[in-house]
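Subject: Structure handover

Hello,

Here is the structure I promised to pass on. Please open it and keep it beside this email as you read.

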Amino acid sequence: MSNECIIAIDQGTTGSRVFIFDRGGQVIAGEYAEFTQHFPKPAWVEHDPEEIWSGVETLLKKALQKSERNPSDVRGIGITNQRETVVVWDKETGTPIHNAIVWQCRRTSTQCEKLKEEGHEPMIRKKTGLVIDAYFSGTKVAWILENVDGAKEKAKQGRLAMGTIDSWLLFRLTGEHSTDYTNASRTLLYNIEKREWDEDLLNLLGIPTSMLPEVHPSRFCFGKIRDIAGLKGVPVLAMIGDQQAALFGQLRVHPGEAKNTYGTGCFLLFNTGDQFLISDSGLLTTLACNAEGGPAYALEGAVFIAGAVIQWLRDSMKFFAKASDSEDLLKELDDSPDELVFVPAFAGLGAPHWDMNARGAILGLSRDTSPARITRAALKSIALQSYELVQAMENDTKERMNLLRIDGGATSNTFLAQYQADILNKPVERSGNVDATALGSAYLAGMEAGLWDLKTLETFQSDGSRFEPSMDSQRREHELRYWKRAIEKVKGWAE
Ligand code: ADP
C-alpha cells in the first residue's frame with residue numbers, strides 16, 4: 001500500500017492533537033499536548049496564541065516522526081478547531097496584540113445585554129442564525145480594539161487582522177489569511193444567508209473590513225505550508241469548526257441527518273441541507289458541510305451540563321473514582337420505575353427552555369435513594385436533555401429524525417446509549433471511530449487531495465454499535481412525565 005497520508009490538526013479548548021491517517025483512513029500516529037488556560041478575572045478565559053502555535057508545530061514534528069512517513073508522503077492537512085475563540089494580530093509583524101479570547105469568556109456580557117436592550121437581536125438572528133451572546137467572536141474582537149492601546153487606530157489604518165483559531169494556525173503555517181464558512185458562521189459578523197461579512201454588523205461593533213479573513217468552503221486549498229516541521233509545500237486542504245467536523249466525520253452530510261457528541265456538554269447538530277431555518281425554540285442556525293464539503297445549513301443545540309454531571313458525582317460527591325465506574329454502580333439496581341429525577345441545571349437551562357435562573361435539583365428523594373440511584377438519574381438527565389433538543393429540532397424542521405448518531409467520551413456508557421434510544425424511541429448508532437472531529441477534517445482534506453470520495457469514506461466508518469429502542473410506551477411516558485415536572489420545579493430558582 002502506498003505511503004500517502006493526511007494530517008489532521010485538532011486544536012481544542014484544553015489541548016491540541018495531531019493525527020496522521022493512512023490512505024485507508026486509519027490513524028497511524030497521534031500526539032496530544034495540553035496548554036495553559038489563563039483566567040485573568042473571574043469568568044474571563046484566555047489562551048496564548050503563541051503557545052497554541054508552537055504546541056501545534058511540535059506535535060506536527062512528533063506525529064510525523066512516529067508515523068515513519070516522509071514529508072513527501074503527506075498529501076494534505078486538515079484543521080479543526082475550538083470555535084469562536086478569536087485572535088487579533090499585527091499584519092506586519094504577525095504578532096498577536098492580545099491573548100486569544102476564548103469562547104467560554106464572559107467579559108463582553110454587559111455589551112451583549114446593551115445590544116439586546118437596543119433591540120438588535122431580531123436583525124442579528126436573521127442574518128447570523130445566532131443569538132446575541134458573549135460566547136461568539138464579534139464582541140470579543142470589539143473588546144480587544146477598545147481595550148488594547150492604539151488598537152483602534154491601527155485597525156482603522158488596516159494594520160490588524162482577526163481570525164478564529166483555524167485562521168490563526170493557517171496564517172502561521174502558510175502566511176495566508178482565510179477561514180471557512182463554519183468558523184465564519186460563529187463570529188456574529190457573518191451573514192449566513194448571503195454568505196458574506198455583514199456591513200451592518202461590522203459597523204455596529206466597530207470592526208473594519210480590512211481585519212477580516214477571506215471565507216472559503218471547508219474543503220478548499222487554503223495555502224501551502226512554509227518551511228515548517230519539514231512540511232514545506234504541503235497544502236492545507238480543509239478547515240472546519242469542531243462540531244461541524246464531527247458531523248462530517250460521522251458522515252451526517254444529508255438533510256435530515258444528525259449527530260450528538262457527548263462530552264462535558266452535548267452538541268447536537270441536525271443537517272437541514274439548503275434550508276435556512278430560524279428555530280422557534282432558540283436553537284442556533286449554523287453553517288456545516290454537505291456531501292461534497294460545500295456549505296449546508298444545520299440547526300445546533302447544546303446541553304450545558306452532560307458528562308460534567310458525572311464529573312461532579314465523581315469529584316465533588318466522591319460516588320466513584322472513574323467516570324466509567326458510573327455504569328458498574330447501576331448493576332445493583334432493579335429496573336422498576338422510580339420517582340427520582342436529577343436536573344443538572346448547574347448553569348441554568350439552555351434550549352428549548354432558556355432559563356438562566358434555573359438551578360440544579362434532585363427531586364423525589366426517599367429512604368432508598370442511594371449513590372447508585374442518583375447516578376442513574378444523572379445519566380438519564382443527559383439523555384433527557386438531548387431528547388428535548390431532538391424534539392425542538394423536529395418541531396422546527398417538521399421532519400422526523402429517524403436515527404441519531406452519537407460520539408464523544410460519555411458514549412462509552414452503554415446504559416446511557418440504550419436509554420437514549422429508549423427515550424427517543426429511535427435507534428441510536430454509536431460511532432466506532434474514536435475521534436469524529438479529527439476524522440471530519442481528515443476526510444475533507446483527503447477528498448480535496450483526490451484520495452477519497454464519499455463512497456470510500458463510507459467504507460472507513462468502523463462498525464460501531466446500534467441501540468434499538470426497547471422501552472414500552474407506558475414506561476417512556478412515565479420517564480418523560482417526571483422529567484417535565486422536574487424541569488418546571490427548577491425554573492426561575494435563582495433570583
Ligand atoms: P470533552 O471533549 O468535553 O473533554 P470527552 O469526549 O473527552 O469530553 O468526554 C469526557 C466526558 O465524558 C467527561 O465529562 C466524563 O465525565 C464523561 N464520561 C467519560 N466516560 C464516561 C462513562 N463511561 N460514563 C459516563 N460519562 C463518562
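Below is what turned up, starting with the ligand.

One thing before that: this is a predicted model.

**The ligand and its shell**

How many residues surround the ligand?

Now look at individual atoms. Gly409 brings a backbone N or O atom to 2.8 Å from an oxygen atom of the ligand. Gly307 also uses a backbone N or O atom, which lies 3.0 Å from a ligand oxygen. Ser326 works through its side chain: a polar atom there lies 3.5 Å from a nitrogen atom of the ligand. On its own, the ligand has 580 Å² of accessible area, and the protein covers 68% of this.

Next, find helix H9 (residues 242–249) and helix H14 (residues 436–448). Their axes come within 6 Å and cross at roughly 70°. H9 and H14 are therefore roughly perpendicular to each other. Which residues make the contact? From H9 come Asp242, Ala245, Ala246, Phe248 and Gly249. From H14 come Ala436, Thr437, Leu439, Gly440, Ser441, Tyr443, Leu444 and Met447. Sorted by class, the residues of this contact are eight nonpolar, four polar and one charged.

Two details of the backbone are left to check.

Go to Ala351 and Pro352. A cis peptide bond joins them, with omega at about 0°. Where does Pro352 lie? It sits in the loop between strand S19 (341–343) and strand S20 (361–363).

Then go to Glu84. Its phi is near 70°. That is a positive value in a residue other than glycine. Glu84 is found in the loop that links strand S5 (74–81) and strand S6 (86–90).

If you want an order for viewing, take the ligand, then the helix pair, then the loops. Send me your questions once you have been through it.

Best wishes

Notes:
Residues are numbered from 1 along each chain as its sequence is written. This is a predicted model: local features need pLDDT of at least 70, side-chain atom pairs count only at pLDDT 80 or more; totals for chains, interfaces and linings use all residues. Side-chain values use heavy atoms; hydrogens and water are left out. Axes are lines fitted to C-alpha atoms, for helices over the stretch in contact, and angles run from 0 to 180 degrees between N-to-C directions. Helices (H or I, at least four residues) and strands (E, at least two) are DSSP runs, numbered from the N terminus. Angles under 35 degrees count as roughly parallel, over 145 as roughly antiparallel, 65 to 115 as roughly perpendicular and the rest as oblique. Contact means heavy atoms within 4.5 Å. Ala, Val, Leu, Ile, Met, Phe, Trp, Tyr, Cys and Pro count as nonpolar, Asp, Glu, Lys and Arg as charged, and the others, Gly among them, as polar. A polar contact is a pair of N or O atoms within 3.5 Å; within protein, one must be able to donate a hydrogen and the other to accept it, and residues adjacent in sequence count only if both atoms are side-chain atoms. Accessible areas come from the Shrake-Rupley method with a 1.4 Å probe; for residues, only the protein chains shown count as cover.
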